[in-house]
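Please prepare a briefing on the fold, the surface and the charged side-chain pairs of the structure shown here.

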Amino acid sequence: ADRARALPEPLRAALEIPPAAGAPPADFPERWRALRIWAAFGVAPEPGWFRGCQEAGAFRFHAMAAPVFPLPWRGIQDGERLRVRWPGLPGALAEIGPEGGRWLAPAPAGDPLDRVGDLVRLLIGEVGEGNTAPPGWRWRSLADLPPCRPAAPRRAALLSLPPEGWLERRVHEMLQRWDGRFAANSPSALVYAAWRWEVLRMALEGPLGEEGLALLALRRSPEAILEALLAAEVSAEIRREAYRRALETIGRRYGDLHTIWEWGKAHAAPFRLLGWGISGELPVGGDADDPWPTPMDPARPYRTAFWPAITVEGGSGLRLRTAPAPPGWGWP
């Protein structure tokens with residue numbers, strides 16, 4: 001908390017979350033271990049169990065999950081409502097109907113990873129709808145969802161840097177033609193994401209340390225962090241050096257020919273088929289702020305730890321869909 005005081009307000013607020021009442025504060029390694037354990041079961045307590053937005057009088061609601069098959073979330077129809085839950089647990093993590101709904105979210109007054117046990121005990125013991133949220137959690141209304149408006153990449157801060165050398169000139173030309181989408185086959189998306197992460201590292205690892213930066217990246221999307229840094233006028237020297245490091249890292253990992261770079265190769269998602277001993281990685285597109293969000297895993301930039309397992313689209317009616325399948329892969 002002391003090191004966070006020098007940060008811009010939006011970033012400082014993300015780190016200054018007090019522990020839940022009555023729970024001893026967990027240090028970062030304990031919190032990180034808890035996150036990885038729960039991710040193995042297909043849940044994402046720090047980034048949020050769910051993501052969603054409102055669009056033209058309707059809403060999109062994503063149940064986030066680690067790439068584990070069978071998919072851990074289930075949608076159960078209950079009259080006109082849809083209940084989203086874990087298999088085998090009677091309590092719902094979200095209840096959605098034609099006129100709206102609600103879902104459980106970490107409360108601002110607590111660290112969710114300190115009180116996940118309370119949540120599980122509530123779900124196992126719940127027999128009805130249940131109106132009481134466990135400590136460190138709260139029910140949120142679908143009316144709280146923001147508009148469906150993907151964050152526009154702030155490439156102007158990158159393109160304002162004069163290109164140096166042949167490679168930067170070619171990459172600049174490529175970025176100027178980029179449509180801003182984080183498509184799996186986009187080389188520009190990879191360049192931008194790598195540059196963005198290097199800016200975050202250079203500006204924040206000093207005051208926060210590696211673990212503090214990772215925790216911040218769990219609670220705020222990289223684009224939101226970059227926006228706060230640019231508003232605080234992060235130096236051109238940092239942006240310039242971050243660009244050099246990004247191109248160097250990409251070239252070392254994926255080759256020197258920029259036209260064959262692909263965001264999906266870096267933004268891969270690990271998957272496991274439970275009971276079969278089969279695992280691997282799948283290239284996926286998107287970003288934390290994408291309409292189909294795929295948040296970055298701070299422990300393994302630029303990969304993703306989670307993707308949308310199921311999505312509910314609602315308004316006058318409800319429609320349940322699985323996320324778009326990665327290239328060459330069909331959902332089981």
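The chain folds into nine helices and twelve strands, where helices (H or I, at least four residues) and strands (E, at least two) are DSSP runs numbered from the N terminus. The model is a predicted one, in which local features need pLDDT of at least 70 and side-chain atom pairs count only at pLDDT 80 or more, while totals for chains, interfaces and linings use all residues. Residues are numbered from 1 along each chain as its sequence is written, and side-chain values use heavy atoms, with hydrogens and water left out.

**Burial, contacts and surface**

- Of the 332 residues of the chain, 50% count as buried, a term that stands for under 20% relative accessible area, with exposed meaning over 50% and partly exposed in between (1.4 Å probe, protein chains only).
- Among the contacts in the chain with a separation of 6 or more, 66% are between residues 24 or more positions apart, a contact being defined by heavy atoms within 4.5 Å.
- The accessible surface comes to about 15200 Å², and 53% of that area belongs to carbon and sulfur atoms; the areas come from the Shrake-Rupley method with a 1.4 Å probe, and for residues only the protein chains shown count as cover.

- Side chains of opposite charge can pair when their charged atoms come close.
- A search of the whole structure finds 18 salt bridges, each being a side-chain nitrogen of Lys or Arg within 4 Å of a carboxyl oxygen of Asp or Glu.
- Glu95 forms one of these with Arg81, with 3.7 Å between the closest N and O atoms. This pair links distant parts of the chain, since Glu95 lies in strand β6 (residues 94–97) and Arg81 in strand β5 (residues 81–85), 14 residues apart.
- Glu95 counts as buried because its relative accessibility is 6%, whereas Arg81, at 22%, counts as partly exposed.
- Glu95 also forms a salt bridge with Arg102, where the closest N and O atoms are 3.3 Å apart, and both Glu95 and Arg102 are buried.

- The side chains of Glu198 and Arg201 meet in a salt bridge with an N to O distance of 3.4 Å. Glu198 and Arg201 are separated by about one helical turn, because they are three residues apart in helix α6 (residues 187–219).
- Glu198 has a relative accessibility of 4% and therefore counts as buried, while Arg201, at 31%, counts as partly exposed.
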